[in-house]
Amino acid sequence: MQIRHALLCDAANASSNGNLNALGIFNTIVARRFPATHPAMTVVVQLELHRWETGPHSLRVELVDADGRPVLTPMEADSNTGPENLITNYIFQLNNLTFPSPGDYAFEILVDGGHLYSIPLKLLAQK
């Protein structure tokens, strides 16, 4: 099992034929003041399984600050993959997400309880 893609962007969708479309990929937000509210962002994860890993799986995405404290209620999704669909797309739309202070944040990606990847996000104060 591996993460093929994990990113933050302005918007994303998956077409009917499985193509993953992402618009406006970023990893930094600059805000005039804090707490800062970002109007919309999308977390995209594309997971690839091996043939022997088919079956039910759970994905969990946690947003944490630099000290590992949660900033957001975790996002969760379940899937049941078969040999015909070894690639699964997960798209989480977040609206009006508030960040308490500038600094380093990360979206931590866990599959079946095990950590697979981190998407870093830096919040900067505009000068």
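**View 1. Valine 61 meets its bridge partner in β8.** In this predicted model, valine 61 has isoleucine 109 of β8 as its bridge partner. Strands β5 and β8 run antiparallel and are joined by 7 bridges. Two strands count as paired if DSSP finds at least two bridges between them. Strands themselves are DSSP runs (E, at least two residues), numbered from the N terminus. In a regular strand the side chains alternate between the two faces of the sheet.

**View 2. Strand β5 also pairs with β6.** Strand β5 covers residues 55–65, and strand β6 covers residues 75–81. The two pair in the antiparallel sense over 7 bridges. Which residue of β6 is the bridge partner of proline 56? That partner is asparagine 80.

View 3. Leucine 110 lies in strand β8, residues 103–111. Is leucine 110 buried or exposed? Leucine 110 has a relative accessible area of 16%, so it is buried. Here buried means under 20% relative accessible area, exposed means over 50%, and partly exposed is in between (1.4 Å probe, protein chains only). Neighbours within four places in sequence are left aside in the contact list of leucine 110. That list holds Ser58, Leu59, Arg60, Glu62, His115 and Leu116. Contact means heavy atoms within 4.5 Å.

**View 4. The whole chain, for orientation.** The protein has 0 helices and 9 strands. A helix would be a DSSP run of H or I with at least four residues. Of the 127 residues, 37% count as buried. Take the contacts with a separation of 6 or more: 68% of them join residues 24 or more positions apart. The C-alpha trace spans about 50 × 30 × 20 Å along its principal axes.

**Notes on the model.** Residues are numbered from 1 along each chain as its sequence is written, and side-chain values use heavy atoms, with hydrogens and water left out. The model is predicted: local features need pLDDT of at least 70, side-chain atom pairs count only at pLDDT 80 or more, and totals for chains, interfaces and linings use all residues.
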